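Try each one before you read its solution.

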Amino acid sequence: MYTMLCPGCGHRTAMTLLDGLIARKGLKEKVVLALDVACCSLLIDEVEYDSVMCAHGRVLDVAKGFQIVRKDCCVISYMGDGAAYSIGIEEMIHAARRNDRAFAVVVNNGLYSMTGGQIAPTYVGDADPADAHAGFRVEQVLAPFPVRYLARAALTDAPNIDRASRYLEAALDGYLSGGGFHLVELLSPCPTNYKLNPKDMAEMINARMTVHYPLGEFVKEGARLSC
Amino acid sequence: MPKKLINGNEAFAFGALAAGLSFYAGYPITPSTDVYELLERDHEKYGVEFVHASSEISAVNMVMGASIAGARALTVTSGCGFSLMQEGLSYMAADFVPCVILNVMREGAGLGDIPRSQGDYDQMTKGGGNGDYHAVVLACSSLRDCMVMPALAWDLAEKYKNPVIVTYDSDIAHTRENVEILPPKRIDIDRLPYALSGNRGGRPKLVQNVNYHDPDFTQTLSRKYEEIEQHEQRWQAYETEDAEIVLVAYSICACVCRDVVRRARRKGLKVGLIVPVTLYPFPEKAFENLPACRKIIVVELSILRQMRRDVEYATRFRYQYDSVSSLSSCPTVSDILTLTEEVN
């Protein structure tokens with residue numbers, strides 16, 4: 001599956017986790033996938049769900065319009081860090097401010113990958129580990145807003161991928177039962193653009209990205225946890 | 001049907017409800033805001049979902065989401081707000097998504113100002129967003145048009161799976177008349193076979209415009225616009241059969257020109273009028289049978305005389321042409337009448 005992606009790409013892991021989750025919950029007939037452009041959009045050729053490819057950064061708006069009309073559908077907003085935190089940050093903030101009923105998955109690799117690995121606002125590759133302003137911590141940006149679920153995991157190795165799976169399930173369960181805004185960010189390897197082999201790429205994320213992007217659940221069922 | 005004293009924007013809002021509107025997302029901007037306000041106030045009464053979008057960019061993308069779910073979804077804007085929607089429009093045209101956008105034209109480029117103008121003609125009819133696409137553009141030239149145009153707009157949008165822009169200027173928007181109110185209607189969101197609803201077996205339904213796997217995509221896209229141009233040209237003609245001078249105008253200019261034709265005829269001047277209803281596709285067929293025509297006068301609120309170029313092309317440059325044009329000063333009946341007398 002997902003043969004359009006580069007070897008070692010985190011989207012394959014993220015989408016495979018979602019596929020498993022959707023199958024386990026018996027949701028295939030209800031899922032509508034709202035995808036961002038670029039690498040995310042490559043998934044549209046292989047997914048089994050009704051899907052829409054949105055303009056860059058507009059996934060949450062398209063998903064909101066859709067969700068309001070078809071309340072019984074499970075709308076998954078799937079986007080990269082450029083869409084979520086750069087060009088689409090206004091949409092993200094307002095969706096969180098309104099606590100829109102949403103299940104958002106953000107695949108964060110710190111780069112604009114499709115266009116060749118240009119540096120995004122989320123990039124921390126060269127940052128001083130002590131620099132508290134490096135990267136883009138969504139849990140800080142959305143702190144004033146009444147979101148229901150916010151967590152970050154890393155798609156690097158078995159324990160971390162297992163944790164990602166649990167966070168996605170918690171977010172999906174919350175979205176299905178209680179409504180409100182649910183977001184899971186997944187730190188994701190991009191071996192092609194970091195020019196690392198998959199093993200070194202995973203180590204780089206674990207050793208350097210997680211310094212600026214702490215892992216864990218930050219908000220659960222609307223309650224803020226330590227972060 | 002009951003009549004009510006309302007303005008053009010309110011007529012459009014009632015017309016949209018009569019066409020089955022069920023979703024509205026918008027951001028206020030003069031002179032379009034009456035539509036927003038009426039729907040904000042009464043949306044629950046009519047079962048319409050109303051969203052205060054955080055920008056026109058958000059609004060148009062929410063409308064895209066609601067449209068692909070099968071709703072008759074609307075956003076309404078003016079001026080620079082319409083510019084912000086061009087990316088969404090371009091996406092929906094490329095994605096074969098039906099939707100309706102109302103652009104109440106205001107004066108000038110940039111922020112401009114709020115008086116009447118028709119300066120968005122090229123932006124609406126020639127593209128506006130990136131790429132090879134057209135939106136169907138419908139112009140309202142009376143308050144009755146404002147009431148009936150939303151239904152036509154959605155019918156065309158769903159027939160061709162393409163965005164439709166409805167437009168008029170701020171004079172039509174704020175003119176008050178006694179208008180017959182059409183009753184509101186509810187529509188079924190499952191009526192469109194292509195609406196996304198979850199994959200219940202078979203191939204998933206996809207809304208996308210990256211179609212490198214589809215060898216017929218270029219043809220499919222070309223055929224959409226060819227069919228629109230062939231079948232959907234619409235116009236209103238007044239006294240054109242024996243007209244030696246034919247006026248061409250839409251929206252408030254059409255209202256003025258209808259009066260010009262009446263007065264000219266009383267003076268024995270053979271003056272006629274063509275009012276394009278579709279600005280895209282431009283109604284070239286309206287000009288096919290003008291046996292007595294010597295001169296065409298295009299009356300429009302555009303210093304660049306944007307519509308005149310379409311008129312000249314539609315008539316293959318075979319007549320004499322003149323323009324009455326300005327940025328935002330409404331032409332008077334006597335100005336145009338004087339011009340027609342000079343021709344004679």
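B:R305 counts as partly exposed, because 16 C-beta neighbours lie inside 10 Å (buried takes 20 or more other C-beta atoms within 10 Å, exposed 12 or fewer, partly exposed is in between, and C-beta atoms are placed from the backbone). Before going on, a word on bookkeeping: residues are numbered from 1 along each chain as its sequence is written, while chains are lettered from A and ligands numbered from 1 in the order in which they are written. This is a predicted model, where local features need pLDDT of at least 70, side-chain atom pairs count only at pLDDT 80 or more, and totals for chains, interfaces and linings use all residues.

**Exercise 1. Find where B:R305 sits and check its phi.**

Step one: look in the loop between β14 and α11 (306–314) of chain B, where B:R305 lies. Helices (H or I, at least four residues) and strands (E, at least two) are DSSP runs, numbered from the N terminus.
Step two: read off phi, which is near 55° for B:R305, a positive value in a residue other than glycine. Most residues other than glycine have a negative phi, and most peptide bonds are trans.
Step three: move on to B:F317, in the loop between α11 and β15 (320–325) of chain B. Phi of B:F317 is positive too, about 60°, and this residue isn't a glycine. B:F317 is exposed, since 9 other C-beta atoms lie within 10 Å.

**Exercise 2. Describe how α2(A) packs against α3(B).**

Step one: get the geometry. The axes of α2 (residues 59–69) of chain A and α3 (residues 56–68) of chain B come within 6 Å and cross at roughly 45°. Axes are lines fitted to C-alpha atoms, for helices over the stretch in contact, and angles run from 0 to 180 degrees between N-to-C directions.
Step two: name the arrangement. α2(A) and α3(B) are therefore oblique to each other (under 35 degrees is roughly parallel, over 145 roughly antiparallel, 65 to 115 roughly perpendicular, and the rest oblique).
Step three: list who meets whom.

**Exercise 3. Work out which elements build chain B's side of the contact with chain A.**

Step one: take the totals, 33 residues from chain B and 31 residues from chain A.
Step two: pick the elements of chain B that give two or more residues, namely β2 (21–26), α3, α5 (86–95) and β9.
α3(B) gives the most, with eight residues.

**Exercise 4. Say which face of α4(A) is buried.**

Step one: in α4 (residues 89–97) of chain A, the buried residues are A:E91, A:M92, A:A95 and A:A96.
Step two: look down the axis of α4(A). Those buried residues fall within an arc of 130°, so they line one face of the helix (the arc is that of the directions from the helix axis to the C-beta atoms).
Step three: see what covers them, including α2 of chain A and α3 of chain B.

Definitions and conventions: Two residues are in contact if their C-beta atoms, placed from the backbone, lie within 7 Å.
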